[in-house]
Amino acid sequence: MRKKVPEPPSSEITSESLYLRRREFLKSAVLFTGTATGVGGGLQLLSGRPSGTDGGLPSAPGDAPKKKPRGPYDTDEAPTSYDDATTYNNFYEFGLDKGDPAENAHVLKPRPWTVVIDGEVNKPQTVDIDTLQSWFPLEDRVYRMRCVEAWSMVIPWMGFPLAGLLRRVEPTGKAKYVAFTTLKDPKQMPGQRTSVLEWPYVEGLRLDEALNPLTMLAVGLYGRVLPNQNGAPLRLVVPWKYGFKGIKSIVRITLTEQQPPTTWSRSNPREYGFFANVNPEVDHPRWSQATERRIGELRRRPTLPFNGYAEQVASLYSGLDLRRNF
Ligand SMILES: Nc1nc2c(c(=O)[nH]1)N[C@H]1C(S)=C(S)[C@@H](COP(=O)(O)O)O[C@H]1N2
Ligand SMILES: [Mo]
């Protein structure tokens with residue numbers, strides 16, 4: 001695969017477009033962030049300080065130093081470096097190697113961008129990404145991410161719970177699943193000129209999984225607009241599932257009665273299932289899932305059931321055989 005996309009003619013083009021995208025994001029973040037926690041969290045990160053190292057002086061003697069309070073969904077584990085999170089990626093639309101998306105994804109135009117929300121809903125929508133984003137306060141959430149390939153990261157996302165969007169479009173009584181679709185445009189996505197996967201990339205969740213408060217749609221990371229290689233302008237984050245459920249560059253969200261197809265289980269149903277819950281007890285046919293390599297660390301660490309989110313989500317699967325429903 002991989003016809004290489006030509007290098008950009010000058011580095012200025014890249015920094016200019018980064019600058020513009022950042023401004024665009026600041027605009028939407030500042031204009032549209034509604035809650036106090038959203039504003040505080042967002043702006044603190046946007047000001048460029050790493051979370052938790054605020055050097056601001058206490059406002060009065062005896063005050064605790066100002067720190068972004070850890071939210072109920074945040075892990076206290078150290079975030080992976082911005083560099084690693086944005087240069088070590090899986091995004092097959094831009095190539096198979098981990099460095100390919102960072103190198104090639106500048107061709108993608110994340111704006112203007114339209115998202116269709118349809119299927120079993122009372123209020124189907126076709127909406128511009130900036131309008132969609134303006135409907136919800138943006139939250140910062142630091143989540144673990146565990147790829148099925150047995151590496152992991154800790155990523156500070158910015159986004160909003162998927163549940164808010166679903167409630168807004170009013171699922172009908174028939175809605176049981178949520179299907180997601182990535183953009184299909186081989187002009188912008190050179191990997192789609194090959195047949196390494198069936199395009200467009202598709203993913204799906206059961207409706208109760210989609211409504212779980214942990215499930216989010218991300219529009220940023222580290223307080224910055226989502227880089228193209230991480231799935232701009234809109235990507236799914238489901239922290240208790242393997243990373244491939246986190247579909248990138250979403251153009252369509254469809255509520256369905258039947259379980260929708262998913263790219264990796266379609267491509268290899270023996271190795272990848274619909275649920276894809278992180279499970280150290282069920283090995284991949286070609287490797288163990290018991291431990292993982294945290295990017296930036298030397299020793300492997302044990303993989304946790306549901307990637308450490310069992311308390312929040314294990315009850316979704318009571319009565320389900322997690323070996324058969326992998
Ligand atoms: N459209 C699309 N989404 C995708 C992928 C992909 O190839 N195409 N790769 C998945 C996999 S395997 C992982 S681990 C995560 C990686 O997300 P990151 O690069 O932001 O860490 O994206 C997921 N989403
Ligand atoms: Mo992955």
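In this report, helices (H or I, at least four residues) and strands (E, at least two) are DSSP runs, numbered from the N terminus.

## Basis of the model

This is a predicted model, in which local features need pLDDT of at least 70 and side-chain atom pairs count only at pLDDT 80 or more, while totals for chains, interfaces and linings use all residues. Residues are numbered from 1 along each chain as its sequence is written, and side-chain values use heavy atoms, with hydrogens and water left out.

## Overall architecture

The protein has nine helices and 12 strands, and buried residues (under 20% relative accessible area, with exposed meaning over 50% and partly exposed in between, for a 1.4 Å probe and protein chains only) make up 51% of its 326 residues. If contact means heavy atoms within 4.5 Å, then residues 24 or more positions apart account for 71% of the contacts in the protein with a separation of 6 or more.

Strand 1 (residues 114-119) and strand 2 (residues 125-128) run antiparallel and are joined by four bridges; two strands pair if DSSP finds at least two bridges between them. Five residues lie between these strands, which form a hairpin, and the bridge partner of Val115 in strand 2 is Val127.

## Aromatic rings and charges

A search of the whole structure finds 13 aromatic pairs, where rings of Phe, Tyr and Trp (its six-membered ring) pair if their centres lie within 6.5 Å, and planes under 30 degrees apart count as stacked, over 60 as edge-to-face and the rest as tilted. The rings of Tyr177 and Phe274 have planes at 80° and centres 5.9 Å apart, so this pair is edge-to-face. Because Tyr177 lies in strand 5 (residues 177-182) and Phe274 in the loop between helix 8 (263-267) and strand 11 (291-294), the pair ties together parts that are 97 residues apart in sequence. Both Tyr177 and Phe274 are buried. Phe274 also forms an edge-to-face pair with Phe275, at 5.5 Å centre to centre and 85° between the planes, and one aromatic cluster is formed by Tyr177, Phe274, Phe275, Phe306 and Tyr317.

A charge sits over a ring if NZ of Lys or CZ of Arg is within 6 Å of the ring centre and within 35 degrees of the ring normal. Arg141 lies over the face of Tyr73, at 4.1 Å from the ring centre, and the charged end of Arg144 sits over the ring of Tyr309, 4.6 Å from its centre.

## Around Pro260

Pro260 lies in the loop between strand 10 (250-256) and helix 8, and is buried, with a relative accessible area of 8%. Not counting residues up to four places away in sequence, Pro260 touches Tyr177, Val178, Ala179, Gly204 and Phe274. Although Pro260 and Gly204 are 56 residues apart in sequence, their C-alpha atoms are 6.0 Å apart in space.

## Details of the backbone

Trp199 and Pro200 are joined by a cis peptide bond, with omega about -5°, and Pro200 is placed in the loop between strand 5 and strand 6 (202-206). The peptide bond from Ala232 to Pro233 is also cis, with omega near 0°, and Pro233 lies in the loop between strand 8 (224-225) and strand 9 (235-237).

Asn307 has a positive phi of about 55° although it is not a glycine. Asn307 is found in the loop between strand 12 (301-302) and helix 9 (310-313), where this residue is buried, with a relative accessible area of 2%.

Terms used:
Chains are lettered from A and ligands numbered from 1 in the order in which they are written.
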